[in-house]
Amino acid sequence: MKIQFLNPHWFWLFVLIPILIIYEILIKRKKRPSLLYSDISNLSRLVNINKIKTKFLYYLRYIFRFLCFTLLVLALARPAVPEKFTRIKGKGVDIILAIDVSTSMRAIDFQPNNRLYVAKEEAKNFISMRPNDRIGLVIFGGKSYTQCPLTIDHNILIKFLDQIKTGMVEDGTAIGMGIATSVNRLRNSKAKSKVIILLTDGRNNSGEIDPTTAATLAKELKIKIYPIGVGKEGYSQIPIDHPIYGRQYVSQKLDIDIETLNKIAEISGTKNANRAQNSEQLKLIMKEIDRLEKTEISKKIHYRYYALFYYFLYCAIALLVLELIYSKILFQSLP
C-alpha cells in the first residue's frame with residue numbers, strides 16, 4: 001500500500017517546529033514568572049528528588065503537542081491510497097476458436113504431445129495476447145457444439161478450453177458444421193471485426209453443411225475465417241485403448257483437405273489456409289493472426305483515491321485531549 005499526499009504544500013508548516021522549540025528554550029523560559037520565598041530549602045528538596053524524572057514530566061506535554069501538530073499537518077496534506085484502473089475505449093475483435101476434437105487429433109506427431117494438446121496450448125497463448133477481445137470456443141467432430149460463448153472473461157474461457165478432449169463428441173470431421181456453429185455465435189456481434197480461427201487435421205466427412213457453403217455464409221456476415229491444418233505429412237501414430245490389450249498405436253496417414261481449407265480462406269478473404277507441422281509453426285501462425293487482427297483501442301489510466309486524513313485527525317484530537325488531561329490534572333505547575 002503506497003500512501004500519497006494530495007496537498008504536500010502543507011508540509012511547509014513543519015518549518016514552524018524548530019521556531020517553536022527555539023522560542024520555548026530561549027525566550028519563554030526567560031520570561032517564566034517566579035515566586036519569592038524566604039526559605040526555599042523545602043522546595044529544593046522536593047525538586048531534587050528526581051531531576052531527570054521531573055524534566056521528563058515537564059517536557060512530556062511538549063511531546064504531546066509536537067505529535068499533535070505533526071498529525072494535524074499530515075491530515076492537512078490529505079494522505080490517500082490511490083487505486084489505479086484503466087478505461088478502455090474502442091471496439092475489440094470478436095473471435096471464435098473452432099477446434100477439431102475428432103479421434104485423429106490424438107495423433108502424437110507433435111512429440112511429446114498430441115495435436116489437440118498443442119492446439120489447446122497455442123490457443124491459450126493466443127487468448128493471453130488478446131486481453132481486450134471477446135473470444136468464444138466451438139468444438140466439432142461428427143457434430144459441433146459451442147463449448148463457451150463469446151466472453152471477455154478469459155479465465156473462464158481457458159477453463160472450458162482445458163476441458164475439451166477427443167471423443168467428447170461423436171467421431172467424424174464436420175468442418176462445415178464447425179464453421180456454421182461459429183458463424184451463429186458471431187452473427188449478432190457488433191464488433192468492428194469478426195473472426196473464426198479453424199483448427200483441424202482432417203477432411204469434411206460429416207454434417208449437413210458443406211464447408212464452402214458455411215464459408216459463404218460467413219462472408220455475407222463479414223466474418224473472416226483463418227483455417228489452419230494441424231499435423232505432419234505422411235503417417236502418424238494414433239493411440240487406441242483396446243479393452244483387452246490396453247493401449248495400442250495405430251499408424252494412420254494424415255488426410256488434411258488443404259484444398260477445401262484454401263477455398264474457405266479464399267471465400268472469407270484471408271487468401272490461403274495455414275499449415276502447422278509442429279508446435280513452433282502453429283505458434284508463428286497464431287502470432288501472425290494476432291498481428292493481422294490488431295484491436296484499435298485507446299487506454300486511459302485513472303486513479304481513485306481512498307482518503308486517510310481522518311485517521312490522522314482522530315489521532316491528533318486524541319493526543320490533544322491527553323495533553324489537556326496531563327497538563328491540567330496530572331501535571332500541575334506553579335503558578
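Visitor: In β4, which residue is the bridge partner of I96?

Guide: In this predicted model, strand β3 covers residues 93-100 and pairs with β4 in the parallel sense, over 7 bridges. The chain crosses from β3 through α4 to β4, and this β-α-β crossover is right-handed. Within the pairing of these strands, the residue of β4 that partners I96 is G136.

Visitor: Which residue of β5 is the bridge partner of V138?

Guide: Strand β5, residues 144-151, pairs with β4 in the antiparallel sense, and 5 bridges hold this pairing in the count. A hairpin of 3 residues joins β4 to β5. In β5, the partner of V138 is T146.

Visitor: How far apart are the end C-alpha atoms of helix α4, and what span should its residues give?

Guide: Helix α4 takes in residues 115-128, and at 1.5 Å a residue its 14 residues should span 20 Å. The distance between its end C-alpha atoms agrees with that expectation, being 20 Å.

Visitor: At the start of α4, the backbone nitrogen of which residue has a side-chain oxygen of N114 within 3.2 Å?

Guide: N114 stands at the start of α4, and a side-chain oxygen of N114 makes the approach, reaching to within 3.2 Å of a backbone nitrogen. The residue that carries this backbone nitrogen is L116, which is itself among the buried residues of α4.

Visitor: Which element gives the most residues to the largest nonpolar core?

Guide: The largest nonpolar core has 32 residues, and those with the most contacts inside it include L97, L137 and I228. Among the elements that give two or more residues to this core are β3, α4, β4 and β6. Of the 14 residues of α4, 10 are buried, so this helix is largely enclosed by the rest of the structure. The element that gives the most to the core, with 6 residues, is α4.

Visitor: How many disulfides does a search of the whole structure find?

Guide: C68 counts as buried because its relative accessibility is 7%, and C148 is also buried, with a relative accessible area of 3%. For disulfides, a search of the whole structure gives a count of 0.

Key. Residues numbered from 1 in each chain as written. Predicted model: local features only at pLDDT ≥ 70, side-chain atom pairs only at ≥ 80, totals over all residues. Heavy atoms only, no water. Helix = DSSP H or I, 4+ residues; strand = E, 2+ residues; numbered from the N terminus. Expected span 1.5 Å × (residues − 1). Buried < 20%, exposed > 50% of the residue type's maximum accessible area, 1.4 Å probe, protein only. Polar contact = N/O pair within 3.5 Å; in protein donor to acceptor, adjacent residues only side chain to side chain. Disulfide = S-S within 2.5 Å. Pairing = 2+ DSSP bridges. Right-handed = clockwise from strand over helix to strand, strands pointing away. Core = buried A, V, L, I, M, F, W, Y, C linked by side-chain atoms within 4.5 Å.
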